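Take a moment to look at the sequence and turn the structure around on your screen. Then let's walk through a few of its parts together.

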Amino acid sequence: MTASVELRRGADRHRTTTGWLRSWQSFSYGDYYDPANTHHGVLMVCNEETLVAGSGYDTHPHSNLEIVTWVLDGGLRHADSLGNTAVVRAGQLGCLSAGAGVTHAEHADPATGGVHFLQMGVAPDHPGGPPRYQQADVTAALETGTLVTVASGIAGLPGAITLGNRHTALHAARLPAGAAVTLPTAPYLYLQVTRGTVRVDNRTEMRAGDALRFSDSDGPSVRATGAAEVLAWQMHAALGD
């Protein structure tokens, strides 16, 4: 594989706006389809969304997707056909493994007003299988200012949540100004800035909403130029491998 780095600015993402929703799609999703922008590695969805108070997505189906929710502000209320109900807040993440099929609904939690969150989706190792829901609070781990593995399916690399893909892990870091972390070495790496500003490998300036797509990554460094938060997908396979 040839090493490459592709910068995608947050302002260049496809945007959907309604009376209750603002959504920025990093990959083809819903009515937006670009055959040259369908995935990176096994990451197929990375949507940043805001919902106004009292709004959200009514019950709808999913299958064969690991759906990870990361909340930035407010609370997102989750309910699914497995009987799970929960609210995901900042510092927490939820994961719905859709498996052979599940329905769920998501709404801004009335107790917190609107909600601002990222929802990401990776392909599972195998289609089908029983659906499940997991949720974890990683607030204390993020306060260390280090790179925290928040979800993983990679053997020997535990995360707060277990993914149904053995080639993939999601890391998060909440960095004070001047602090730095080194990202993993991986054939595919996806870096998303969720808050603040950072500099990658002492070259690329990034701000909230920006993303870098690495192929054959050798462990780039990320330094916060102001208080910042980043998410990084480590992937050792791509769709079709």
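In which strand is histidine 60 found? Histidine 60 belongs to strand S5, which covers residues 56-62. Before going further, keep in mind that this is a predicted model.

**A listed binding site**

In an unreviewed entry, UniProt lists His60, His62, His104 and Glu106 under "binding site". These residues are spread over 47 residues of sequence, yet they cluster in space, with a largest C-alpha distance of 12.8 Å. Among them, His104 and Glu106 are included in the lining of the largest cavity.

Now look at what surrounds histidine 60. Leaving aside neighbours within four places in sequence, histidine 60 is in contact with Val102, Thr103, His104 and Glu106. A polar atom of the histidine 60 side chain also lies 2.7 Å from the backbone oxygen of aspartate 58.

Next comes glutamate 106, which you will find in strand S10, residues 102-108. Is glutamate 106 buried or exposed? Its relative accessible area is 4%. Buried means under 20%, so glutamate 106 counts as buried. Apart from neighbours within four places in sequence, glutamate 106 is in contact with Gly56, Tyr57, His60, Thr69, Leu76, Arg77 and Gln119.

**An open sheet**

Let's move on to a sheet. Seven strands form an open sheet in the order S2-S3-S4-S11-S6-S9-S12, and their pairing is antiparallel. Why is one side of S2 and of S12 left without a neighbour in the sheet? Strand S2 (14-17) and strand S12 (132-137) stand at the edges and each has a single partner strand, so one side of each has no neighbour there. From one strand to the next, the twist averages 15°.

| Strand pair | Sense | Bridges |
|---|---|---|
| S9 (residues 92-97) and S12 | antiparallel | six bridges |
| S2 and S3 (residues 21-25) | antiparallel | four bridges |

Leucine 96 stands opposite tyrosine 133 in S12, while threonine 17 stands opposite arginine 22 in S3. How many residues make up the hairpin that joins S2 to S3? The chain passes from S2 to S3 through three residues.

Methods. Residues are numbered from 1 along each chain as its sequence is written. This is a predicted model: local features need pLDDT of at least 70, side-chain atom pairs count only at pLDDT 80 or more; totals for chains, interfaces and linings use all residues. Side-chain values use heavy atoms; hydrogens and water are left out. UniProt positions are given in the numbering used here, feature names are shortened, and annotations may be inferred rather than shown by experiment. On a 1 Å grid over the protein atoms alone, a cavity is a set of points where a 1.4 Å probe fits but cannot get out, and a pocket is an open set with protein on both sides within 12 Å along at least five of seven lines; lining residues have an atom within 4 Å of a point. Helices (H or I, at least four residues) and strands (E, at least two) are DSSP runs, numbered from the N terminus. Contact means heavy atoms within 4.5 Å. A polar contact is a pair of N or O atoms within 3.5 Å; within protein, one must be able to donate a hydrogen and the other to accept it, and residues adjacent in sequence count only if both atoms are side-chain atoms. Buried means under 20% relative accessible area, exposed over 50%, partly exposed in between (1.4 Å probe, protein chains only). Two strands pair if DSSP finds at least two bridges between them. Axes are lines fitted to C-alpha atoms, for helices over the stretch in contact, and angles run from 0 to 180 degrees between N-to-C directions.
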